[in-house]
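Please find below a colleague's note on the model, arranged as numbered points. The sequence and structure are shown first.

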Amino acid sequence: MSKIKSDEILALVSAAKAGFEKAYAPYSNFHVGAAALTASGKIVKGCNVENASYGLTVCAERNCLAQGVISGEQVFKALVVYTNQEKLTPPCGACRQVIVEFLAPDALVMAVNHNNNKKQWTVNELLPDAFTPKDLLEK
Ligand SMILES: O=c1ccn([C@H]2C[C@H](O)[C@@H](CO)O2)c(=O)[nH]1
Ligand SMILES: [Zn+2]
């Protein structure tokens, strides 16, 4: 597991909570925020954005990483997911694949809730034997 400073974790949790406050989830009423620490030390955030055409919903984690890419960042050191659920929210399968694209296998992914309960994984624990950009290089 790559080491992230405790003040960076605090800042990530606070940004993920700010993302959570912006969630657009009128259909599920399941609000999610996410924040990521970029390789250059910036923090980007996201929230889930649902749609009347339910399948078009985009999770907080993917919106967060897309926001990072839009702001010029393509490498992230950690990702935090914030919900107000007693049971901590792990990234869904689609998000795990996108996380693998932009975070190293030993990077930190953490779920946190309104009670400050926390659970953490490495990227590799969330999606072992992932299909990655490297798999595209083989002929
Ligand atoms: O890790 C997760 C899990 C779910 N959701 C969203 C998708 C949908 O809007 C709602 C319920 O699945 O929560 C996320 O944003 N991240
Ligand atoms: Zn997801």
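1. Conventions. The model is predicted, with pLDDT of at least 70 needed for local features and 80 or more for side-chain atom pairs to count, while totals for chains, interfaces and linings use all residues. Residues are numbered from 1 along each chain as its sequence is written, and chains are lettered from A and ligands numbered from 1 in the order in which they are written.

2. UniProt, in an unreviewed entry, lists residues 7–134 as "domain: CMP/dCMP-type deaminase". UniProt positions follow the numbering used here, feature names are shortened, and annotations may be inferred rather than shown by experiment. Over residues 7–134 the chain is 31% helix and 27% strand, and the end C-alpha atoms lie 33 Å apart. Helices (H or I, at least four residues) and strands (E, at least two) are DSSP runs, numbered from the N terminus.

3. The unreviewed UniProt entry places a "binding site" feature at Cys59, Cys92 and Cys95. These span 37 residues in sequence, yet no two of their C-alpha atoms are more than 8.4 Å apart, so they gather at one spot.

4. Cys59 and Cys92. Cys59 is in the loop between β2 (43–47) and α2 (60–70), whereas Cys92 is in the loop between β3 (76–83) and α3 (93–102). Is each of them buried, exposed or partly exposed? Burial is judged by the other C-beta atoms, placed from the backbone, within 10 Å of a residue's own: 20 or more for buried, 12 or fewer for exposed, and partly exposed in between. Cys59 has 22 and is buried; Cys92 has 13 and is partly exposed. Not counting residues up to four places away in sequence, Cys59 touches Val32, Asn48, Cys92 and Cys95, a contact being two C-beta atoms, placed from the backbone, within 7 Å. Cys92 and Ala107 are 15 residues apart in sequence and 17 Å apart in space, C-alpha to C-alpha.

5. The second annotated site. Another "binding site" feature of the unreviewed UniProt entry covers Asn48, Val49, Glu50, Asn51, Ala52, Ser53 and Tyr54. Asn48 is buried, with 25 C-beta neighbours inside 10 Å, while Asn51 has 12 and counts as exposed. Leaving aside neighbours within four places in sequence, the contacts of Asn48 include Ala23, Ala25, Val32 and Cys59; those of Asn51 are Leu56 and Thr57.

6. Ligand 1. Which residues come nearest to ligand 1? Of the 15 around it, they are Ser28, Phe30, Val32, Asn48 and Cys59, where near requires a C-beta atom, placed from the backbone, within 6 Å. The shell divides into nine nonpolar, four polar and two charged residues. Ala, Val, Leu, Ile, Met, Phe, Trp, Tyr, Cys and Pro count as nonpolar, Asp, Glu, Lys and Arg as charged, and the others, Gly among them, as polar.

7. Helix α1. The 16 residues of α1 (residues 6–21) should span 22 Å at 1.5 Å a residue, and the end C-alpha atoms are 23 Å apart, which agrees; the expected span is 1.5 Å times one less than the number of residues. In α1, Leu12, Ala15, Ala16, Gly19 and Phe20 are buried. They cover an arc of only 150° around the axis, which puts them on the same side of α1; the arc is that of the directions from the helix axis to the C-beta atoms. Ser6, Asp7, Leu10 and Glu21, on the other side, are exposed. The cover over the buried residues includes β1 (33–38), β2, α2, β3 and β4 (103–113).
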